[in-house]
Amino acid sequence: MEKRGGERIALFDNIKGILIILVVLGHIAHPIHNENPVLSAVFDTIYLFHMPLFVFMSGLFAKGAYRGGKLNVDRILSFLVLGFGFQVALALVNGAALTPARILSFTSAPWYLVSMACWYALTPALSHLGPQRGLALAFAASLLWGMVDLSSGLLAISRTIAFLPYFALGYYLKPQDILRIRNWRGAACAVAIALAIAAIRVIDPDAHEWFFPMVYGDNPYEHGLLMGVLQKLTALGIGALFSVTLIRLAPEHRGALTTLGRRTLQVYVLHRLIRAWLTFHTPLYDFPWMAEAVPGALAVTAVAAAVTLVCAAPVFERPFARALKFRWTKVFVRPVRAGQ
């Protein structure tokens with residue numbers, strides 16, 4: 001995270017810590033959320049903003065992807081290797097056949113790592129375009145792409161383009177801008193409006209249905225371009241509103257959240273493998289009481305907390321950090337010596 005006086009700013013790690021908790025909770029709840037009314041409301045609220053803000057934060061700290069005219073190819077390759085490795089591991093846990101079509105279809109959590117590789121690869125273009133043209137093209141691509149149906153998840157192309165505006169916006173902003181957003185007078189209004197939107201969803205389970213498919217990023221427009229753009233803009237706007245809310249409410253002090261925020265990659269990968277194991281190799285989601293509002297919600301919350309703690313263990317930090325910083329170009333590109 002950005003440093004102030006030689007130290008990381010805890011706020012940004014805290015935001016990432018909160019987000020990874022929401023990611024784990026959403027994924028643990030997923031297999032049963034349609035049957036449990038409490039989990040359904042929580043799930044739908046989380047999915048309004050958790051990935052948009054995560055992508056935004058990734059863009060915010062991607063300045064090093066392209067610096068001094070040099071693209072960080074090693075980081076791009078690391079994301080690709082982790083993404084495809086994650087995809088294969090998840091298929092094995094799920095018991096799915098390792099066919100080429102299955103490996104190339106990023107319909108689940110591994111999509112984010114492949115998209116990160118793509119977004120990093122786009123940083124030279126974003127840098128040269130500048131904020132105005134870069135954001136305009138990112139939003140145009142996101143809005144128009146809804147006319148294309150790649151819901152098969154092929155190479156995470158749809159989600160990469162759909163969430164590109166969040167990454168681009170983060171890329172163009174500075175960490176200091178986030179601190180300004182936090183202290184912005186309108187942030188208090190954003191909190192109030194976000195709470196109202198969440199309350200409306202609790203009162204009426206169908207309140208968000210008309211635009212909600214757009215929050216996933218890979219669903220095509222079903223009712224034409226104009227209605228689809230309206231749905232997408234609504235999803236983008238609400239995602240931004242909730243993001244401002246979380247930025248405003250996140251704590252600034254150092255603590256457990258700060259540590260968790262530094263370990264989001266390992267938690268992101270490992271928790272989804274555990275969720276797959278729980279789904280396909282245990283009876284957890286088959287218990288009838290999981291569909292009951294209170295018992296099911298408490299069980300999912302407890303499991304999500306336990307999984308987060310296990311996946312955030314220090315023992316996993318170094319392997320993932322090394323994987324992300326591996327020098328692939330030194331392995332695959334033989335240096336040319338003088339005189340050769």
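1. Proline 314 sits in the loop between α15 (293–311) and α16 (317–324), where helices (H or I, at least four residues) and strands (E, at least two) are DSSP runs numbered from the N terminus. At 57% relative accessibility, proline 314 counts as exposed; buried means under 20% relative accessible area, exposed over 50%, and partly exposed in between, with a 1.4 Å probe and protein chains only. The C-alpha atoms of proline 314 and glutamine 266 are 9.8 Å apart in space, although the two residues are 48 residues apart in sequence.

2. The model is predicted, and local features need pLDDT of at least 70, side-chain atom pairs count only at pLDDT 80 or more, and totals for chains, interfaces and linings use all residues. Residues are numbered from 1 along each chain as its sequence is written, and side-chain values use heavy atoms, with hydrogens and water left out.

3. The chain contains 17 helices and four strands. A compact globule of 340 residues would have a radius of gyration near 20 Å, and the chain agrees because its own value is 20 Å; the radius is taken over C-alpha atoms, and the globule rule is 2.2 Å times the number of residues to the power 0.38. Along the principal axes, the C-alpha atoms fill a box of roughly 75 × 50 × 45 Å.

4. Of the 340 residues in the chain, 50% are buried. The accessible surface of the chain comes to about 16400 Å², and carbon and sulfur atoms account for 67% of that surface; accessible areas come from the Shrake-Rupley method with a 1.4 Å probe, and for residues only the protein chains shown count as cover. Among contacts (heavy atoms within 4.5 Å) between residues at least 6 apart in sequence, 81% join residues at least 24 apart.

5. On charge, the chain has 30 positive and 17 negative side chains, and the centres of the two sets lie 17 Å apart. Lys and Arg count as positive and Asp and Glu as negative, while His and the chain ends are not counted. Each charge is placed at NZ of Lys, CZ of Arg, CG of Asp or CD of Glu.

6. The largest nonpolar core has 99 residues, and those with the most contacts inside it are Leu48, Trp111, Tyr112 and Trp119. Helix α1 (residues 10–29) supplies the largest share of this core, 12 residues. Such a core is a set of buried Ala, Val, Leu, Ile, Met, Phe, Trp, Tyr and Cys residues joined through side-chain atoms within 4.5 Å. Not counting residues up to four places away in sequence, leucine 48 touches Ile197, His208, Phe211, Phe212, Val215, Ile238, Gly239 and Phe242.

7. Leucine 22 lies in helix α1 and is buried, with a relative accessible area of 16%. Residues up to four places away in sequence aside, leucine 22 touches Ile46, Phe49 and His50. Its C-alpha atom is separated by 11 Å from that of phenylalanine 54, 32 residues apart along the chain.

8. Helix α3 (residues 50–60) is mostly covered, with 11 of its 11 residues buried. Among them are His50, Phe54, Phe56, Gly59 and Leu60. Glycine 170, in helix α9 (residues 164–172), touches Phe56, Gly59, Leu60 and Lys63, again not counting residues up to four places away in sequence. Glycine 170 counts as buried at 0% relative accessibility, and its C-alpha atom is separated by 20 Å from that of glutamate 252, 82 residues apart along the chain.

9. Threonine 123 lies in helix α7 (residues 123–144) and is buried, with a relative accessible area of 0%. Leaving aside neighbours within four places in sequence, threonine 123 is in contact with Ala62, Ala65, Tyr66, Leu71, Phe167 and Tyr171.

10. Most residues other than glycine have a negative phi. Leucine 155, in the loop between α7 and α8 (157–162), has a positive phi near 50°. Alanine 156, also placed in the loop between α7 and α8, has a positive phi of about 60° although it is not a glycine. Leucine 155 is partly exposed, with a relative accessible area of 34%, whereas alanine 156 is buried, with a relative accessible area of 3%.
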